[in-house]
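Work through the exercises below with the sequence and the 3D view open. Try each task before reading its solution.

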Amino acid sequence: MSAVRARWKTAAGLALTGVMLFPVYWMVNVSLTREQDMRRSPPALLPLDGTLEGYRSVLDRQLPYLGVSLVVGLGTVALTLLVAAPAGYALAKLRPRGGVALSFLLLIAQMIPGIIMAMGFYAVFLNLGVLNTIPGLIVADSTLAVPFAVLILTAFMSGIPEELLQAARVDGAGSLRTFWSVVLPVSRNSVITASLFAFLWSWSDFVFASTLDQGGAYQPITLGIYHYIGNNNQEWNAIMATAVVASVPAAVLLVIAQRYVAAGVTAGAVKH
């Protein structure tokens, strides 16, 4: 009876997985479909007479957008870790006065709608002269990633055994040296987790990009896809091909970082 129940659970899991992944499959299918077959009824489930025109359009017109998204994503990760890693260490191990209140404010910050933050940034960036620039977009995207990263790093660093820190202090290491040589290496998995989410948030951002970088010379891929959309635009295979290509970096990062996200931090720290 248990074997039958297990088969049913497996079948149900596969069915649900298929339903969730169907939009991804359909995106790939449309990206390979010819323009004259777009309005075919019923639509073809397989692109038997497929074309790569959509992907040629990506190579011709979308590579600069992808490059900008990569720069913005990596810049967001760097700025997020530069701010969040020391803050997480301070909240977890140095326990400054007001740390609990700060943690609560970080939770509240994540509840603020992005469009409200974007409008506030617009006025500030306009006065500072960083509107429609890559550094401005990096700073804006980091405001979404930093609160989450601080909370994640604080939770992980709180579990680091005090014996490790005490051993570093006995060897003459100060707070900064202990943070750099002991805490960060031990917190590798949490750092990778925070970096992954920071990159994915910046890579998929549209609200900040459309508000703060709509007229810039360098725009991310979310705006690149958006430029395809119009009343007289029928390049659906190019739109879907761009979406497929833009999804590849995020998918690859998720696959690579999965084991680091799932791994325990303190267990490895105690063993080594």
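**Exercise 1. Describe the salt bridge of E53 and the exposure of its two residues.**

Step 1. At 46% relative accessibility, E53 counts as partly exposed. Here buried means under 20% relative accessible area, exposed means over 50%, and partly exposed is in between, with a 1.4 Å probe and protein chains only.

Step 2. E53 forms a salt bridge with R56, and the closest N and O atoms are 2.7 Å apart. A salt bridge is a side-chain nitrogen of Lys or Arg within 4 Å of a carboxyl oxygen of Asp or Glu. Side chains of opposite charge can pair when their charged atoms come close.

Step 3. E53 and R56 are 3 residues apart in helix 2 (residues 53-94), so about one helical turn separates them. Helices are DSSP runs of H or I with at least four residues, strands are runs of E with at least two, and both are numbered from the N terminus.

Step 4. R56 has a relative accessible area of 41% and is therefore partly exposed.

A note on the source: this is a predicted model, in which local features need pLDDT of at least 70 and side-chain atom pairs count only at pLDDT 80 or more, while totals for chains, interfaces and linings use all residues. Residues are numbered from 1 along each chain as its sequence is written, and side-chain values use heavy atoms, with hydrogens and water left out.

**Exercise 2. State how many salt bridges the structure holds, and describe the one made by K93.**

Step 1. The structure holds 2 salt bridges.

Step 2. K93 and E162 meet through their side chains in a salt bridge, at 3.2 Å from N to O. This pair links distant parts of the chain, since K93 is in helix 2 and E162 is in helix 6 (residues 162-170), 69 residues apart.

Step 3. K93 is buried because its relative accessible area is 9%. E162, at 30%, is partly exposed.

**Exercise 3. How many helices and strands does the chain have, and what are its overall values for span, burial and contacts?**

Step 1. There are 12 helices and 0 strands in the chain.

Step 2. The C-alpha trace spans about 75 × 70 × 30 Å along its principal axes.

Step 3. Of the 272 residues in the chain, 38% are buried.

Step 4. Contact means heavy atoms within 4.5 Å. Among contacts with a separation of 6 or more, 75% are between residues 24 or more positions apart.

**Exercise 4. Is Q219 buried or exposed, and what does Q219 touch?**

Step 1. Find Q219 in the loop between helix 9 (207-212) and helix 10 (221-226).

Step 2. Q219 counts as buried because its relative accessibility is 8%.

Step 3. Apart from neighbours within four places in sequence, Q219 is in contact with P64, Y65, V68, D213, Q214 and H227.

Step 4. Take P64 from that list: Q219 and P64 are 155 residues apart in sequence and 8.1 Å apart in space, C-alpha to C-alpha.

**Exercise 5. Locate I192 and compare its separation from S181 in sequence and in space.**

Step 1. I192 lies in helix 8 (residues 188-204). Its relative accessibility is 22%, so I192 counts as partly exposed.

Step 2. Between I192 and S181 there are 11 residues of separation in sequence and 17 Å in space, C-alpha to C-alpha.

Step 3. Not counting residues up to four places away in sequence, I192 touches A257 and Y260.

**Exercise 6. Examine two loop residues, N132 and G98.**

Step 1. N132 sits in the loop between helix 4 (114-128) and helix 5 (134-158). N132 has a positive phi of about 65°, although it is not a glycine.

Step 2. N132 is partly exposed because its relative accessible area is 30%.

Step 3. G98 belongs to the loop between helix 2 and helix 3. At 42% relative accessibility, G98 is partly exposed.

Step 4. G98 and E53 are 45 residues apart along the chain, and their C-alpha atoms are separated by 58 Å.
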